[in-house]
Amino acid sequence: MQSEIMVDVKGLFKRYEALTAVKGVSFSVHKGEIFGLLGPNGAGKTTTIEMLVGLRKPDEGTAELAGFDVKKEVNKVKEVIGVQLQSTSLFELLKVEEILHLYASFYPTHVNIEDLITEMLLTEKRNDRIKGLSGGQKQRLAIALALIHDPHIVFLDEPTTGLDPQARRTLWDIVLRLKKRGKTVILSTHYMDEAHVLCDRIGIMDQGELIALDTPANLVKKLKSTSTIEFQLSNPPEKEWFMNLAGVEDVSIRDTYVQLYTDDLQAALTSFISASAEHEFKIQDLQTRLATLEDVFISMTGRSIRES
Ligand code: ATP
């Protein structure tokens with residue numbers, strides 16, 4: 001049985017004068033799914049989210065959230081969504097508990113604040129002023145505020161940008177718990193590992209377009225090469241030399257750093273090692289790894305997400 005569609009986006013466009021920031025984006029998200037928009041800075045993720053939550057008007061296209069039209073049923077949409085934006089500014093002088101009660105007072109009904117404080121791991125900070133919180137604690141508070149009216153759909157715009165690894169993982173656990181409680185989550189990120197760990201499906205955005213959409217595993221499976229061999233050589237030969245090795249599908253060489261792409265790791269590794277022995281190459285830092293979403297982005301755009 002197909003589950004309920006909570007987010008249905010068709011052909012969204014947004015233009016800022018000469019720049020078209022979002023170019024006909026369409027996707028749908030099912031109840032209880034974590035859907036990720038993954039892409040480099042400037043890809044159009046924030047603009048897409050802002051159009052869905054009613055902060056920007058789409059120039060073209062339609063979007064329905066829990067069956068409500070984002071252009072025509074703005075108040076209904078507000079009841080069913082919770083939003084944490086990159087730019088959420090909190091009242092720095094208020095205490096954690098005070099701001100939660102303040103936000104709760106804006107809605108006819110709200111969740112139990114004690115439970116929310118526990119769930120967002122803010123118990124020890126409940127009487128602290130917001131300005132003294134760490135980045136991770138502030139983000140957890142911003143998510144708590146987004147959840148206060150018990151929305152069906154939660155938007156998180158780059159929730160872990162700028163956080164240390166420990167704080168990122170804590171936030172991942174919180175997002176996964178939202179899913180367990182049946183919330184539908186849309187999050188944007190430029191971290192591949194985050195998208196891979198959290199998202200049931202991912203839409204890869206680049207230059208305003210959704211260039212791929214699938215589960216993380218399927219996106220990686222569609223790659224011609226499923227593994228990469230990485231190493232350094234002080235004076236690597238030309239690309240053609242590597243391309244002649246059995247099992248090697250593609251090669252990238254940057255200074256002394258070489259990557260061989262293959263879907264037959266054993267054949268490629270064996271042929272490379274024996275050919276290197278013949279030529280007395282001194283191989284350094286050899287590693288093999290499975291293809292990642294980063295490789296998917298590179299194979300589709302020719303660029304790395306990080307250098308875009
Ligand atoms: P980031 O990770 O940096 O937030 P993003 O994928 O969310 O990136 P957007 O913030 O949606 O991307 O930006 C998409 C494009 O639109 C960028 O080129 C950006 O410079 C441009 N842009 C965003 N907001 C405006 C605005 N208010 N006026 C003009 N151009 C804008």
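Let's start with Phe242, which counts as buried because its relative accessibility is 0%; buried means under 20% relative accessible area, exposed means over 50%, and partly exposed is in between, with a 1.4 Å probe and protein chains only. Before I go on, please keep in mind that this is a predicted model, where local features need pLDDT of at least 70, side-chain atom pairs count only at pLDDT 80 or more, and totals for chains, interfaces and linings use all residues. Residues are numbered from 1 along each chain as its sequence is written, and side-chain values use heavy atoms, with hydrogens and water left out.

Phe281 counts as partly exposed, because its relative accessibility is 23%. If you look around these rings, you will find one aromatic cluster made of Phe231, Trp241, Phe242, Phe272 and Phe281.

Now let's step back to the protein as a whole. It has 11 helices and 14 strands, which are DSSP runs numbered from the N terminus (helices are H or I, at least four residues; strands are E, at least two). The C-alpha trace spans about 75 × 45 × 45 Å along its principal axes. Of the 308 residues, 47% count as buried.

How do the contacts run along the sequence? Taking contact as heavy atoms within 4.5 Å, 66% of the contacts between residues at least 6 apart in sequence join residues at least 24 apart.

One more stop, at Gln137 in helix α5 (residues 135-147). Is Gln137 buried or exposed? Gln137 is buried, as its relative accessible area is 16%. Leaving aside residues up to four places away in sequence, Gln137 touches Leu122 and Lys125.

Note on methods:
Rings of Phe, Tyr and Trp (its six-membered ring) pair if their centres lie within 6.5 Å; planes under 30 degrees apart count as stacked, over 60 as edge-to-face and the rest as tilted.
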